[in-house]
Amino acid sequence: IKEQEETEAKAIQIGSKDRSKKRVEASCFVSMEVGRKMANMLGTDHDLNFKETELCLGLPGGIAVVAAGNETESSSSPKTNGKRGFSETVDLKLNLQSKESTMDLNKNLDDNGSKEKSGSAKDPAKPPAKAQVVGWPPVRSYRKNIMANQKNSSEESGNSGAALVKVSMDGAPYLRKVDLKMYKSYQELSDALAKMFSSFTMGNYGPQGMIDFMNESKLMDLLNSSDYVPSYEDKDGDWMLVGDVPWQ
Amino acid sequence: MVCKSWYEIERWCRRKVFVGNCYAVSPKMVIRRFPEFRSIELKGKPHFADFNLIRLKRMVVTDESLELIAKSFKNFKVLVLSSCEGFSTDGLAVIAASCKNLKELDLRDCEVDDLSAHWLSHFPETYTSLVSLNISCLGSDEASFSALERLVGRCTNLKTLQLNRAVPLDKIANILRHAPQLVEFGTGTYTADVRPDVYSDLAGVFSSCKELKSLSGFWDVVPDYLPAIYPVCSKLTSLNLSYATIQSPDLIKLVSHCPNLQRLLVLDYIEDSGLEVLASSCKDLQELRVFPSDPFGAEPNVSLTEQGLVAVSLGCPKLQSVLYFCRRMSNEALVTIARNRPNFTRFRLCIIEPKTADYLTLEPLDVGFGAIVQYCKDLKRLSLSGLLTDRVFEYIGTYAKKLEMLSVAFAGDSDLGLHHVLSGCESLRKLEIRDCPFGDKALLANAAKLETMRSLWMSSCAVSFAACKLLGQKMPRLNVEVIDERGPPDSRPENCPVDKLYIYRSIAGPRFDMPPFVWTMDEDSGLRL
């Protein structure tokens, strides 16, 4: 059940990021999250009533989406009036690691991934496996992933090879990496990401009107449509619109 | 109304100006009020973000701005950019080339577009006035070591030098040889193949630094090279090992050599055992910051618990400032800590998993934090975490009368919580809240309080758009800014909560340099889009 909830959650969590490709200290997760309220997920997990804080989002088809996967909540929560601007955002947290670290990191990521999926029912006193909460814990970008950096340290002099970025998608069985240096524009990156996750195919819109972005064409639509705007979180925890900073 | 003569005297005599929020007042107003100032400190974004001295914190600074500073202020002496971004090494090159009297260049925690390390060569050969240089944030791939060495060599007044990670260990000896008078030094990467000649060179050079009081840097530490700094340890008052990924035994050895330490920044690799040694060795300790090595891991990777904090609170009588990341806490421990150390002025506790209860009793941590505010009567800054109800805010409102800054996340049950804080904390200047069920009632009931504070930040709470509009309408001296990437707030129902809210007092009126997803609620009760 937990797994299903998380799949339906559609969170593509995205975190901040690093403007300077060469910044060796900075590293943070990449997970992609459709900008739903993280608090919602936490709220659901911890069984607290966060109804008041739920976003009023409308998806294509005009059905409001509320707490992740919890049907009772979503049926009683406020609905949107249908009009929206940037209804969901796709944000990237960039993680720069050298190539040689890929193995280690993928291992870490797989571990994290499987933790999320096997979820929580083991110990009721323990909170369920958490989704990444944006901006929490409050550590600055250059303090994140100290452990991973430790593994990298011997390889990293900054200018070798790729500017690799980890990309994860909730519900996907594994994560991927993209080399930023391969792309000359945000559009190219978008296209590449769409292709990358196209192998996860599922149905179209689910019964509750939630977008299933596992489907390639849907994802392409998502990434290309004006309803979705890429943004990133800078080291202050502020969400910045992608494109403000020149690609270079 | 202040006496007019005093007002005038102040006006002509004031040399230093501090602006805690750059949007609270306009540059014109500052210049009109204090036409003779020589030093200015400006803060931009909130924290959850001298013509001779400029300090900028959390601001976007462009290369053009740096050029403007360089060209406009011929006698420019000090530039401190703290957590700023938006500029590159090109801007730094202009500063280096133009500011002949520059004494201090400090780029702490900035995000700099690192285009080239050669900006350092722009300091002319005749330039010798550098006293303090902090470039630890730079990432340069190709570092211009010879330019750096020459710069250090000719600036004989250099007291502070903080290098970046790109500077390898074997270059440090040469640099230090040119600057034995240094008081503060930050290494680059502290790793190299272990070679006796490199080691003894390094140890020798550290021994000759008789004035050294503060060390930092230590990226990628190889423990074998640590003893090279032992000669200076007994004089050290400040040690920043927060990038040093070494384990507890090595940390313990190091810390045991530093009996005069006043300030320690370290990773949680130090563990409870290391903190116990710290508590017994460093009786002068005033500030401790313990950072998480694996903040996103679901399970603890080190044995660092509340016990470590209890130990230092007991053993270090001068401890007043703490930042502590851990994974479990108990009310009992917090009460003990509060009783041990009533002289805390800054207490920031981050229990990594949100809403973590007391691990012994499974209760909320209200009583524990309540004890902190009750016993620590001079507490100025507090950060809460763990499972907390409205109760803790009642304690805070009742006891924390000197509290100036409060950070809250994932806490509280209702508006009552926020009301306690806004109505009780007389000295409150900055309040930042995220993911709490606080809504309109408390905010509107305490609207007048907001004018006595520098700023309020609320994100992922329950404040409606309608309330924001009302506040904007009724409180002309407040700037009420709604930050929402979902689009204009009026495209959703009025009772819909806003995503982020930033309220600050200002005599400069609303600002006009907002990005497209920020809206000001003003007296016209419409939106400026």
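Here is a short chat about a predicted model and a few of its chain B residues.

Student: Why is B:T189 called buried?

Tutor: Its relative accessible area is 12%, and buried means under 20%, so B:T189 gets that label.

Student: Where does B:T189 sit in chain B?

Tutor: In the loop between β10 (184-186) and α7 (196-207).

Student: Which residues have the most contacts inside the largest nonpolar core?

Tutor: B:Y190, B:F206, B:L264, B:F347, B:L382 and B:I396, in a core of 176 residues. Take B:L264: among the residues it touches are B:L239, B:L241, B:V255 and B:I270. There's also a second, separate core of seven residues, including B:V17, B:V25, B:F34 and B:F37.

Student: How do you know that B:I9 is partly exposed?

Tutor: Buried is under 20% and exposed is over 50%. B:I9 comes in at 43% relative accessibility, so it counts as partly exposed. You'll find B:I9 in helix α1 (residues 4-13) of chain B.

Student: What kind of patch do B:V2, B:W6, B:Y7 and B:I9 form?

Tutor: A nonpolar one on the surface, with about 440 Å² of accessible area together. For B:I9, a patch residue needs over 30% relative accessible area, and B:I9 has 43%.

Conventions:
Residues are numbered from 1 along each chain as its sequence is written. Chains are lettered from A and ligands numbered from 1 in the order in which they are written. This is a predicted model: local features need pLDDT of at least 70, side-chain atom pairs count only at pLDDT 80 or more; totals for chains, interfaces and linings use all residues. Side-chain values use heavy atoms; hydrogens and water are left out. Helices (H or I, at least four residues) and strands (E, at least two) are DSSP runs, numbered from the N terminus. Buried means under 20% relative accessible area, exposed over 50%, partly exposed in between (1.4 Å probe, protein chains only). A nonpolar core is a set of buried Ala, Val, Leu, Ile, Met, Phe, Trp, Tyr and Cys residues joined through side-chain atoms within 4.5 Å. Contact means heavy atoms within 4.5 Å. Patches are made of residues with over 30% relative accessible area and no salt bridge: like charges are joined within 9 Å, nonpolar side chains (Val, Leu, Ile, Met, Phe, Trp, Tyr) within 5 Å. Accessible areas come from the Shrake-Rupley method with a 1.4 Å probe; for residues, only the protein chains shown count as cover. A salt bridge is a side-chain nitrogen of Lys or Arg within 4 Å of a carboxyl oxygen of Asp or Glu. Lists of a residue's contacts leave out its neighbours within four places in sequence.
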